[in-house]
Amino acid sequence: MCGIFAVVNDKTGNAAQTVLAGLKKLEYRGYDSWGIAIKPTSPETAKLQIEKHIGKIGEAQTSLPAGTIAIGHTRWATHGGVTDANAHPHLDCTGKLAVIHNGIVENYLEFKEDLIKKGHKFSSETDTEVVAHLVEEKIKNQKLTKAVFETFNELVGSNAIGVIDYETETIVACRNGSPLVVGVDEKNKQYFLGSDVPAFLKYTNKVHFLDDGESVVITTNEIKLFDLKTGAEKKLSLQTLDWKLEDAEKGGFSHFLLKEIMEQKETIAKTASVNEKEIGEIASLIKQGFKIVLTGCGTASYCALAGKYFFAKAGIESQTYGSYEFLPFSKFIDKKTLVIAISQSGETADTLIAVRQAKKNGAKIVSIVNARGSTLERLSDIILAVGAGPEIAVVSTKAFTSQLATLYLLSKAAENKYDEGKKQIKELKETLTLWIDKLSTRLIGLAKTLVDQEHIYLIGKHLNYPATLEFALKLKESSYLHAEPFAAGELKHGVITLIQKGTPCFVLASNDEVKGEILSSAAELKARGGRIIGVAPFKSSEFDEVVETPDLADLTIFGNIIAGQLLGYYLGIGRGADPDKPRNLAKSVTVK
Ligand code: M6R
């Protein structure tokens, strides 16, 4: 939630433009408002210049003057409504300090009252603004760096901040719980700060992901890393990422969502070539009797649930909890538990809370993550990095299927059939490629018939149950259509009352042991007048129409889910939604 970006020594001399372009890459982190603060090269007043606006940044332009040092922010509102005044950066009273922030300062009210008594004037309702005034207060008696460190150490909550100082032309950034990464373009001596790498990937792939309790101080001469608690300098070692610029660009597609759906032709199969050693290590722990608990939020929680079915097929018991409901059950987690946390971003607050609790209980933590350098990775004993590449669209697609494939491989490894699983996942590539390319025409036609609907119901059984949950979420997020998923067996216990003549009912199915049962459920819906749309690798007289998916045995759910991703995309277009940035959502939910 919220995107932070900053540049020092901008080689174009137009730092505001550089920051604006960087923020556009981070828009998926929040799109309520945006803002930039710059030290102009030829200042008219000895103050930072600021521009802030509500609304999406996509087409935005800035009229800020030339400069080589600037900070910017794209906001997902928490404290204070969506207004220009509440947009970041926030200034102190002198106009020489400005702050950008990702997180929540839980104790901001206690500071605010005190600061007002001391004469500070507030111009927003945000928690962030106290940070600017606190630093302003402290800087009266000490250097900027110390003032920022001290301020940050007093904040309660998960936070990342960036502070720009007009006088010393310095940016100080601190991290505790919210992501921050620095990029160094050694050749041009340009320094970047971002919530995520795509913001500055155009300039450099040499990065350092800040750890909690770390700060970077960036001046026109150098960049230094510090320990926030002791104030001691630390060695800054940069890692080189193998991400390519194209990974963070639309590459000819109209939206990132469509690009990322199509990339699954490659990304799913890629999971069969990574993590072999780690998967072996985890399988061996499972064989030693470690109990398995899977956790995640949203799409990742559906992935966890699908994992539970994979493990059950392999004859292994596991438990699944949404991370946001993990704590009541955490007392059952002990040293002999393997907690498998699934997350695209590795920064989801609820998932991190669950993992921290599990760690306290002595559990071994395995993470199945996509983004690199995340907090979740740092908390993990074993990391399964799925390598789907940057996922920019807010709606998760390729990260999900790579995580699902990884869980499948893990379940196969646990029953000593890793090579078989690897072969199956690799083979998906060809089948999916041929099929996806033909799928669009079919789904555009279907979307046209559904675009004016208010409600859609979906059923699935066994592995197709989590697939149905994910399919429905894709429709809801991408098109704002009310899509309600059920386990096929559940529907007749109440909700079948809602099915009337013509109600669209999706039935997700595979050629599996419950094919007959799911078709009976379809018949029950049909008998109430429902319009039955099968998503399956077969035709059936119970279906009024069918979206045919590849027959891939246990892996059929991959095709069934991808059909939902793509249908969501086309429905979103048809219903006027922004498929890359659904309303009210943020890519990475870093607050509780
Ligand atoms: O980054 P994470 O995978 O931890 O995110 C978890 C959920 O917030 C995320 O999957 C969310 O449900 C997406 N909007 C799904 O498209």
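Predicted model: local features only at pLDDT ≥ 70, side-chain atom pairs only at ≥ 80, totals over all residues.
Residues are numbered from 1 along each chain as its sequence is written, and side-chain values use heavy atoms, with hydrogens and water left out.

View 1. With 0% relative accessibility, Ala536 counts as buried (under 20% relative accessible area, 1.4 Å probe, protein chains only). Apart from neighbours within four places in sequence, Ala536 is in contact with Ala509, Phe543, Val546, Val547, Glu548, Thr549 and Asn560, contact meaning heavy atoms within 4.5 Å. The C-alpha atoms of Ala536 and Val547 are 6.6 Å apart, although 11 residues separate the two along the chain.

**View 2. The largest pocket, with about 550 Å³ of space.** A pocket is an open set of points on a 1 Å grid over the protein atoms alone where a 1.4 Å probe fits, with protein on both sides within 12 Å along at least five of seven lines, and lining residues have an atom within 4 Å of a point. Of its 24 lining residues, Asp247, Lys270, Gly387, Ala388 and Gly389 lie nearest the centre. Because domain 1 (3-248) and domain 2 (251-416) both give residues to the lining, the largest pocket lies between them.

**View 3. The second largest pocket, with about 460 Å³ of space.** Among the 23 residues that line this pocket, Cys297, Gly298, Thr299, Lys587 and Val589 are the closest to its centre. The largest share of the lining, 3 residues, comes from α12.

Methods: Buried < 20%, exposed > 50% of the residue type's maximum accessible area, 1.4 Å probe, protein only. Points joined across faces, edges and corners; volume = space filled by probe spheres on them. Domains from an automatic or database assignment. Helix = DSSP H or I, 4+ residues; strand = E, 2+ residues; numbered from the N terminus.
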